[in-house]
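Please read them with the model open.

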Amino acid sequence: MRAAIFERFQGPITVTTLPDPAPRPGGVVLKVGATGLCRSDWHGWMGHDTDIRLPHVPGHELAGTVVAVGAGVTRWAEGDRVTVPFVGGCGHCGECAAGQHQVCENQFQPGFTHWGSFADHVAIDHADVNLVALPDEMGFDVAASLGCRFVTSFRGVIDQGRVRAGEWVAVHGCGGVGLSAVMIAAAAGAQVIAIDIDPAKLDLARSLGAVASIDATGNGNVPGQVHEITRGGAQLSIDALGHPATCVNSILSLGRRGRHVQIGLLLADQARPAIPMDRVIAWELELLGSHGMQAHRYPAMLEMIRRGRLQPEKLIGARVDLDEGTRLLTMMDRFPGTGVTIIDRFGAG
């Protein structure tokens, strides 16, 4: 297979030919139709994720076609068009038995615990538990754009955040996660405030349903502006970036008994930010994490897409080949581009 691989953290990423993967018992091999480029991949390359063993192939937002089926797989066959959550459950532990595959005790993550989808083929374990059938009309590019960002935002806004029509929702950071959250919250009937430092991303957020926006460039009082717009604070606030400043701003943007959802990753030396716990206690705020979404929750999201209530294709920015995607991966800390970048070509350029 043709794949991008690195042998040391923060080192060169080389596109080369590697042996094709074989399916393990219970698993499948997919021919990758498209894969997303995500800041989580950058964190992995930087060495912030302790699950990665070198050498490593990154990539975790993927869609493709089943080309090989391992022993014991009963639900899938060669030729099936599928996607997969970025957090896979084992199907056997207590959390999986409760339907909470996204926090499986023995979880696997393509691109982190296993080689990922910056390749034209990828092996997926526990296929019967984790694969999701794609609607015939959905292209691999759109399916890959659901990736970790859209589905994590869906669960963060709908399941964890418990958004209700008419509520104020503040979204801090308008990359792929944040723009997804804007669209999903607006589709649920919420009034969304988009917050970012990039005017182009704020423009896109407004086109996706945000009713207000805040340019955080040099802005020392983002929470104050949220409180002014909402006349008392948001009912739901989301840190979609993953930074100590946006985490704290999100919490302080809440009104009394509000709900903060942490979707953006805080890793390495930022993993344990100072939290305004005095406000959390005095105002009875809720702090919630959101980590992926189970395969069995996809149908609800896919139905909203089918009905046109959600339009993830609007979030797609650039479509690039594997070589260009590999180059962009090392620049993710500089937030290149607007929307979701998709790798949809894997052959030699």
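1. A search of the whole structure, which is a predicted model, finds one aromatic pair. Its members are Phe-6 and Phe-9, with ring centres 6.3 Å apart. The planes of the two rings stand at 55 degrees, so the pair is tilted; edge-to-face would need an angle over 60.

2. Are the two partners buried or exposed? Phe-6 has a relative accessible area of 1% and is therefore buried. Phe-9, at 29% relative accessibility, counts as partly exposed.

3. Another phenylalanine, Phe-346, lies in the segment that follows β15 (340-345). Phe-346 is buried too, because its relative accessible area is 9%, and buried means under 20%. Setting aside residues up to four places away in sequence, Phe-346 touches Arg-2, Val-32, Gly-33, Ala-34, Thr-35, Ser-117, Ala-119, Asp-120 and Leu-322. The C-alpha atom of Phe-346 is 9.4 Å from that of Met-1, although 345 residues separate the two along the chain.

4. On the α4 side, the contact is made by Arg-149, Phe-150, Ser-153, Phe-154, Val-157 and Ile-158. Their counterparts in α5 are Gly-176, Val-177, Ser-180, Ala-181, Met-183, Ile-184 and Ala-185. By type, the residues of this contact comprise nine nonpolar, three polar and one charged.

Key. Residues numbered from 1 in each chain as written. Predicted model: local features only at pLDDT ≥ 70, side-chain atom pairs only at ≥ 80, totals over all residues. Heavy atoms only, no water. Helix = DSSP H or I, 4+ residues; strand = E, 2+ residues; numbered from the N terminus. Buried < 20%, exposed > 50% of the residue type's maximum accessible area, 1.4 Å probe, protein only. Contact = heavy atoms within 4.5 Å. Nonpolar A, V, L, I, M, F, W, Y, C, P; charged D, E, K, R; others polar. Phe/Tyr/Trp six-rings, centres within 6.5 Å; stacked < 30°, edge-to-face > 60°.
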